[in-house]
Amino acid sequence: MNLMSDTQGDCLIIKVAEPRIDAAAAVEFKDSMRGMVEDGPGRVVLDLGDVDSIDSSGLGAIVAIMKMIGPDRKLELCALSNKVKTVFRLTRMDAVVTIHNALEDALSPLPHAS
Amino acid sequence: MASEARVPGIVARVPEGEVVFQLPATNEGVRTGVMNVSRLIRDFGASEDDLTAIELALAEVLNNVVEHAYDGTVEGDMEIRVDNQAPDIHFRILDSGRPMPNGRLPRGSAADAELEDFEQDEGGYGLYMIRQLARKLRYSREGHHNQLSFRIRLGSERHWESDVAL
């Protein structure tokens, strides 16, 4: 599982450099993430720009990562493919997770937030 | 199940016009099956949205076979039968694993908007997605086989793909 991390300000950015987070990849994804998200800054942004597809196992892994980082920190997602977006909509997960169109949107303050 | 085709993903056309894919019940088998079926359906004139719906539903059905019917450990085979009844595509998925608990398909569940992200369940989404994507979803146990059948209509308007901005 190819994951790349970078810290910018209060944000730990993890890019998933894989075409899919499916049942074959979910366990390794979760295990690799575990070491990367320990003791990091308050926000973790998962960059899914390279991910073409995800299934319910991958979605379960993302929930597991949210549980790992706990209530005091926050997992956000960015750069979802249409297929990945569809999975988030179908399962109504889009209503409980913050999803940004692009990484830049995750890093810059919202235009209407001031 | 027929036993003449043992190479993963190999296609056989049976006289009734079904296309049959036989695969090992493994995570790799799921990937191969979804990819091959997707290629076939693309030739039937499916749109990208149709393909997304079919790939997602089929992957979840096959994942269930690997993880539950075969427990994630037992070696086994699964078979995908695809029948083009335009505008519907009929699918039948067969395996020789354990029957569904209580002989029926679980309902599955979506995320709960009343709860925080870290309070959500880690499972249950697969069947929920299948139920949203497929029509006429039916499960039956026949002898030592499980059979799950469903249809997906090409060209359907799908509300989740509409203009909701993310």
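In the predicted model, Arg92(A) lies in the loop between H3 and strand S7 (98-100) of chain A, where helices (H or I, at least four residues) and strands (E, at least two) are DSSP runs, numbered from the N terminus. Phi of Arg92(A) is near 60°, a positive value in a residue other than glycine. Arg92(A) counts as partly exposed because it has 17 C-beta neighbours inside 10 Å; a residue is buried if 20 or more other C-beta atoms, placed from the backbone, lie within 10 Å of its own, exposed if 12 or fewer, and partly exposed in between. Ala79(A), in the loop between strand S6 (74-78) and H3 of chain A, also has a positive phi of about 60° although it is not a glycine, and with 22 C-beta neighbours inside 10 Å Ala79(A) counts as buried.

In chain B, a cis peptide bond with omega of about 5° joins Ala86(B) and Pro87(B), and Pro87(B) is found in the loop between strand S3 (77-85) and strand S4 (88-95). Most residues other than glycine have a negative phi, and most peptide bonds are trans.

The buried residues of helix H3 (residues 125-133) of chain B include Tyr128(B), Ile130(B) and Leu133(B).

Residues are numbered from 1 along each chain as its sequence is written, while chains are lettered from A and ligands numbered from 1 in the order in which they are written. As this is a predicted model, local features need pLDDT of at least 70 and side-chain atom pairs count only at pLDDT 80 or more, whereas totals for chains, interfaces and linings use all residues.
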